[in-house]
Amino acid sequence: TGNASRILSRHSGIIRSKLHKAPEGQKGKTMAFGGLREKARELRVNDWIDAAGKPLERPVRLADLGSGYNVIFCFQDWCPGCHSRGFPTLKLLHEALKDKGFGFAVIQTVFEGADVNTFDKLRLNQERYGLAIPFGQDLPPAGERYPTFMEDYRSGGTPWFTIIDPAGNVVFADFRLDAQADPVIQAAVDG
């Protein structure tokens with residue numbers, strides 16, 4: 001995990017504070033993106049499928065992902081960047097780091113297109129990318145603009161990677177994590 005620590009420390013300062021206004025009448029006037037260097041909040045996503053695609057009776061919590069680094073990938077099925085960059089990066093990271101103490105989860109953060117970005121897309125993408133990890137469906141709670149993960153972690157949209165260190169700190173939060181082009185990530189993957 002030494003290489004993994006170098007990966008994460010190198011990228012921990014990337015996120016910039018951006019503000020996004022919520023629509024009129026909805027909770028939260030602004031949302032700063034990233035949540036970097038903050039303590040990770042417990043996941044409030046309620047609807048999940050397990051690594052085999054079966055619906056879970058109880059929600060996934062951070063402790064379920066393990067005590068090492070946790071990588072959470074947020075997507076929407078209709079997001080082209082999620083399929084061209086996000087999922088391929090996640091697949092590369094998962095294959096290289098799953099046996100090195102890293103935990104993984106995928107969350108479809110449905111902040112738009114709820115009629116298209118549906119629960120059934122979880123299993124379709126799990127199979128499409130060969131990812132035997134939990135997938136969650138995160139819709140905004142009633143009266144809210146953003147899904148719970150977006151509110152709690154201030155993610156800026158999709159694709160979005162959040163990495164939490166073993167101490168429970170958010171050490172990476174950004175749209176792009178380029179595992180193929182980044183030499184530090186590539187060293188961890190190869191090593």
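**Exercise 1.** Is Phe175 buried, partly exposed or exposed?

*Solution.* Keep in mind that this is a predicted model. Start with the value: the relative accessible area of Phe175 is 27%. Next, recall the cut-offs: buried means under 20% and exposed means over 50%, with partly exposed in between. So Phe175 counts as partly exposed.

**Exercise 2.** Work out what kind of aromatic pair Trp160 and Phe175 form, and where the two residues sit.

*Solution.* First, the geometry: the ring centres are 4.8 Å apart and the planes stand at 85°. Planes over 60 degrees apart count as edge-to-face, so this pair is edge-to-face. Then find the two partners: Trp160 belongs to strand 7 (residues 160-164), while Phe175 is in the loop between strand 8 (170-174) and helix 5 (183-190). They are 15 residues apart, and the pair links distant parts of the chain. Last, check the cover on Trp160: its relative accessible area is 0%, so Trp160 is buried.

**Exercise 3.** Follow strand 6 (residues 135-138) and describe its side chains and its neighbours.

Now look to either partner. Strand 3 (residues 47-49) pairs with strand 6 in the antiparallel sense, over three bridges, and Asp47 stands opposite Gln137. Strand 5 (residues 103-109) pairs with strand 6 in the parallel sense, over four bridges, and here Gln108 is the residue opposite Gln137.

**Exercise 4.** Find the aromatic partner of Phe135 in strand 4 (residues 70-75) and say what the pair ties together.

*Solution.* The structure holds 10 aromatic pairs. One of them joins Phe75 and Phe135, edge-to-face, at 6.3 Å centre to centre with 75° between the planes. Phe75 lies in strand 4 and Phe135 in strand 6, so the pair ties together parts that are 60 residues apart in sequence. Both Phe75 and Phe135 are buried.

**Exercise 5.** Count the helices and strands, and give the share of buried residues.

*Solution.* The protein has five helices and eight strands. Of its 191 residues, 52% are buried.

Definitions and conventions:
Residues numbered from 1 in each chain as written. Predicted model: local features only at pLDDT ≥ 70, side-chain atom pairs only at ≥ 80, totals over all residues. Heavy atoms only, no water. Buried < 20%, exposed > 50% of the residue type's maximum accessible area, 1.4 Å probe, protein only. Pairing = 2+ DSSP bridges. Phe/Tyr/Trp six-rings, centres within 6.5 Å; stacked < 30°, edge-to-face > 60°.
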